Amino acid sequence: MNNYNVFNTEHNPIYMQQNNPYTSPGVSEGPEADAAKSGFLFILNTGSTSVGSGSSLLLQATNPNGSGKKLYISRITGGTTAAATLTIASGGTITGGTTPTPFNAFFGSSTTSVATTKQNTGSLGGSPTTCMVMQVTSGLFVIDFTGSLIVQANQTISVTLGTGSLTGAINLTWWEV
């Protein structure tokens with residue numbers, strides 16, 4: 001089938017006809033889909049967690065020194081039952097808590113993340129550097145980074161949701177290269 005170039009006329013010296021060589025349509029997708037197909041897209045979540053007054057829900061992923069990889073943050077999603085402040089920071093310390101296992105988005109893959117993790121309620125300690133702060137109302141929130149926030153080796157990303165009496169959830173999604 002011939003496709004006539006709509007920007008040229010037959011009196012223009014570069015006018016030409018093009019042939020459509022496609023036998024099947026092209027498909028375009030984001031980097032997350034490619035990372036998932038390759039088994040390198042990971043999701044870390046807090047689950048639905050009750051937070052007491054004056055505390056925050058804390059979630060952290062650390063890219064260890066010598067990992068040889070970078071964590072490209074895809075998105076941060078979650079929800080809250082009350083208005084809260086969502087803070088994203090570089091660094092910080094979570095005392096106590098649990099070490100949830102990042103989930104590989106390629107179901108059944110044996111590939112594990114290089115990241116070490118931490119989750120708890122309370123206050124983020126240490127000396128974190130705030131990257132982003134936003135007020136969220138009760139309900140869901142989604143912040144897309146599409147890989148534009150990068151955690152290199154020996155660095156930590158911390159996400160806090162609070163402070164106040166609420167039930168909340170945080171999901172941190174990244175790919176590793």
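Guide: A nonpolar core is a set of buried Ala, Val, Leu, Ile, Met, Phe, Trp, Tyr and Cys residues joined through side-chain atoms within 4.5 Å. Buried means under 20% relative accessible area, exposed over 50%, and partly exposed in between (1.4 Å probe, protein chains only).

Visitor: And what kind of model is this?

Guide: This is a predicted model, in which local features need pLDDT of at least 70 and side-chain atom pairs count only at pLDDT 80 or more, while totals for chains, interfaces and linings use all residues. Residues are numbered from 1 along each chain as its sequence is written, and side-chain values use heavy atoms, with hydrogens and water left out.

Visitor: Which residues in the largest nonpolar core touch the most other members?

Guide: Of its 26 residues, these are I73, I76, I157, L161, L172 and W174. The elements giving two or more residues to this core are β3 (41-45), β5, β6 (71-80), β7 (84-90), β11 (139-151), β12 (155-162) and β13 (166-176). β11 gives the most, with 5 residues.

Visitor: What does W174 contact?

Guide: Leaving aside neighbours within four places in sequence, W174 is in contact (heavy atoms within 4.5 Å) with residues including F40, L41, F42, A61, I73 and P102. There is also a second, separate core of 5 residues, which includes A35, A36, L41 and W175.

Visitor: Why would such residues group?

Guide: In soluble globular proteins, nonpolar side chains tend to be buried together. In this protein chain, 38% of the 177 residues are buried.

Visitor: How many helices and strands are there?

Guide: The protein chain has 1 helix and 13 strands. Both are DSSP runs numbered from the N terminus: helices are H or I with at least four residues, strands E with at least two. Along the sequence, the pattern is β-β-α-β-β-β-β-β-β-β-β-β-β-β.

Visitor: What is the strand order in the open sheet?

Guide: This sheet of 5 strands runs β9-β5-β12-β7-β10, with antiparallel pairing. The edge strands, β9 (116-122) and β10 (129-136), each pair on one side only. Two strands pair if DSSP finds at least two bridges between them.

Visitor: How many bridges join β5 and β9?

Guide: β5 (residues 56-63) and β9 pair over 7 bridges, in the antiparallel sense. A61 stands opposite T117 in β9.

Visitor: Is S56 buried or exposed?

Guide: S56, in strand β5, counts as buried because its relative accessibility is 8%. Apart from neighbours within four places in sequence, S56 has contacts that include V51, N120, T160 and L161.

Visitor: New topic. How many salt bridges?

Guide: The count comes to 1 salt bridge, meaning a side-chain nitrogen of Lys or Arg within 4 Å of a carboxyl oxygen of Asp or Glu. The side chains of R75 and D144 form it, at 2.7 Å from N to O. R75 lies in strand β6 and D144 in strand β11, so the pair ties together parts that are 69 residues apart in sequence.

Visitor: How accessible are R75 and D144?

Guide: R75 is partly exposed at 28% relative accessibility, and D144 is partly exposed at 47%.

Visitor: And the helix: where is A33?

Guide: A33 is in helix α1 (residues 31-38) and counts as partly exposed, at 29% relative accessibility. A33 and A105 are 72 residues apart in sequence and 9.6 Å apart in space, C-alpha to C-alpha.
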